[in-house]
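Trainee: Could we go through this model together? I would like to begin with the backbone and then turn to the side chains.

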Amino acid sequence: MTNRFSQSTYHAICGDLAATDHDLAAIIKSHGYPPFWHRPNTFETLVHIILEQQVSLASALSALNKLRERVQTLTPARVLLLTDEEMRACYVSRQKAGYIKYLAEALLSGQLNLNALEDMEDHDIRASLVALKGIGNWTADVYLMFVLQHSDVFPIGDLAAVNALKRVKKLPADITREQMLEIAAKWQPYRTIATMLLWHFYLSSPKNKVLLV
């Protein structure tokens, strides 16, 4: 059964990680506990994550807010009524507009059922999501971590998490992906919460201070 964390267990898990990893302990000592980042299991949340792909979090949030203004309530049916020009006016690229509309169609057709994902294992959830155009492992990772609170995910494709890991652990610039995954494996079964500590460290730098939700 997949392990999950909750707001009530969050700080205790952070403490358990800090007890076995002095670098994570130093993050808590310097910056306190990370926020309990959480997003609802909705179409809007997946749209938000798609918008965050390969752009700044601030840019993605700006596009999401524009979409909200345009349609009021962000639903699959309402998004499918938007023209390409209207999507561009909301700062959504042609490529991402295609991904979002594909997602909307998948939900309306029943190809994807968000509620059903809540009772599935990580690998099945990932398979269901990455089968959709425009959704890859990074998007699936963020969904598992923020929406479903699965406790043991390390998003190796996330630049902020990787850069924070390199800084916190003082790792060489040429460290391989496999070597970083080996380091993260020591945090099992709480790699998600360790990642949130890394993000907390990253966002504590004034130049990186942006919202994750």
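Predicted model: local features only at pLDDT ≥ 70, side-chain atom pairs only at ≥ 80, totals over all residues.

Trainee: Which residues does the cis peptide bond join?

Mentor: Gln-188 and Pro-189 are joined by it, with omega at about 5°. Pro-189 sits in the loop between helix 12 (177-185) and helix 13 (191-203).

Trainee: Why is that worth noting at all?

Mentor: Because most peptide bonds are trans, and most residues other than glycine have a negative phi.

Trainee: On phi, then: what value does Tyr-91 have?

Mentor: Tyr-91 has a positive phi of about 65°, although it is not a glycine. Its place is the loop between helix 6 (84-89) and helix 7 (94-109).

Trainee: And Gln-149, where is that found?

Mentor: Gln-149 is in the loop between helix 10 (137-147) and helix 11 (159-169). Its phi is also positive, near 55°.

Trainee: Is Gln-149 buried or exposed?

Mentor: Gln-149 counts as buried, because its relative accessibility is 10% and the cut-off for buried is under 20%. Tyr-91, at 53%, counts as exposed.

Trainee: Changing topic, how many disulfides does the structure hold?

Mentor: It holds zero disulfides. As for individual cysteines, Cys-14 is buried at 0% relative accessible area, and Cys-90 is buried at 1%.

Trainee: How many salt bridges are there?

Mentor: The count comes to nine. One of them pairs the side chains of Asp-23 and Lys-169, at 3.0 Å from N to O. That pair links distant parts of the chain, with Asp-23 in helix 2 (residues 22-31) and Lys-169 in helix 11, 146 residues apart.

Trainee: Is Asp-23 buried or exposed?

Mentor: Asp-23 is buried, with a relative accessible area of 16%, whereas Lys-169 is partly exposed at 21%.

Trainee: What about Arg-70, which residue is its partner?

Mentor: Arg-70 forms a salt bridge with Glu-86, and their closest N and O atoms are 4.0 Å apart. This pair also links distant parts of the chain: Arg-70 belongs to helix 4 (residues 57-71) and Glu-86 to helix 6, 16 residues apart. Arg-70 is partly exposed at 41% relative accessibility, and Glu-86 is partly exposed at 25%.

Trainee: How far apart are Glu-85 and Arg-88 along helix 6?

Mentor: They are three residues apart, about one turn of the helix. Glu-85 and Arg-88 form a salt bridge with closest N and O atoms 3.4 Å apart.

Trainee: Which residues do shared partners join into one network?

Mentor: Asp-21, Asp-23 and Lys-169 are joined in that way.

Notes:
Residues numbered from 1 in each chain as written. Heavy atoms only, no water. Helix = DSSP H or I, 4+ residues; strand = E, 2+ residues; numbered from the N terminus. Buried < 20%, exposed > 50% of the residue type's maximum accessible area, 1.4 Å probe, protein only. Disulfide = S-S within 2.5 Å.
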